[in-house]
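Hi everyone, thanks for making time this morning.

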Amino acid sequence: MSGQLVCTDADQAALVLRYLPEHVALTRAEAGCLSFEVHRSQDPHVWRVDELFRDPAAFRAHQERVAASEWGRATAGIERRYTVEDTT
């Protein structure tokens, strides 16, 4: 999966900054995570996201964990512009 996390304002960007470190650490610790990178772009409201999981099942497990996580709840209103590609 790759794409962007797009905040509409400084408040949303502050949420990302607050919750992102733990989200990254937990995601990288998942058994099926091969790569997980999130970097702020030149626009302070936009982050570049690149994720790679072992297989579709690992990616689904990640999405389920994220939906129930503190990160998922705190950032639910932030726009995601993602492309998911199945490489199996």
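**A first look around**

You'll find G32 in the loop between α1 and β2. Beyond its neighbours within four places in sequence, G32 is in contact with L52, F53, R54 and A58, contact meaning heavy atoms within 4.5 Å. G32 and L52 are 20 residues apart along the chain, and their C-alpha atoms are separated by 8.7 Å.

Before I go on, a word on where this comes from: it is a predicted model, in which local features need pLDDT of at least 70 and side-chain atom pairs count only at pLDDT 80 or more, while totals for chains, interfaces and linings use all residues. Residues are numbered from 1 along each chain as its sequence is written, and side-chain values use heavy atoms, with hydrogens and water left out.

Now the overall layout. The protein has three helices and four strands, and from the N terminus on they follow the order β-α-β-β-α-α-β. Helices here are DSSP runs of H or I with at least four residues, strands are runs of E with at least two, and both are numbered from the N terminus.

How big is the protein along its principal axes? The C-alpha trace spans about 35 × 25 × 20 Å. Of the 88 residues, 36% count as buried. Among contacts with a separation of 6 or more, 62% are between residues 24 or more positions apart.

Let's go inside. In soluble globular proteins, nonpolar side chains tend to be buried together. Here the largest nonpolar core has 19 residues, and those with the most contacts inside it include L5, V16, L20 and W71. By such a core I mean a set of buried Ala, Val, Leu, Ile, Met, Phe, Trp, Tyr and Cys residues joined through side-chain atoms within 4.5 Å. The largest share, five residues, comes from α1.

Which residues does W71 touch, not counting those up to four places away in sequence? They are L5, V16, Y19, L20, H23, V66 and R80. That brings us to V66, in helix α2, residues 56-67. V66 is buried, with a relative accessible area of 13%, and apart from neighbours within four places in sequence, V66 is in contact with H23, W71 and G72.

Back to the loop between α1 (10-29) and β2 (33-40), where we also find E30. Is E30 buried or exposed? At 14% relative accessibility, E30 counts as buried. Leaving aside neighbours within four places in sequence, E30 is in contact with F53, H62 and R65.

Last stop: S2, in strand β1, residues 2-6. S2 is partly exposed, with a relative accessible area of 24%. Neighbours within four places in sequence aside, S2 is in contact with R48, V49, D50, R81, Y82 and T83.

Technical notes:
Buried < 20%, exposed > 50% of the residue type's maximum accessible area, 1.4 Å probe, protein only.
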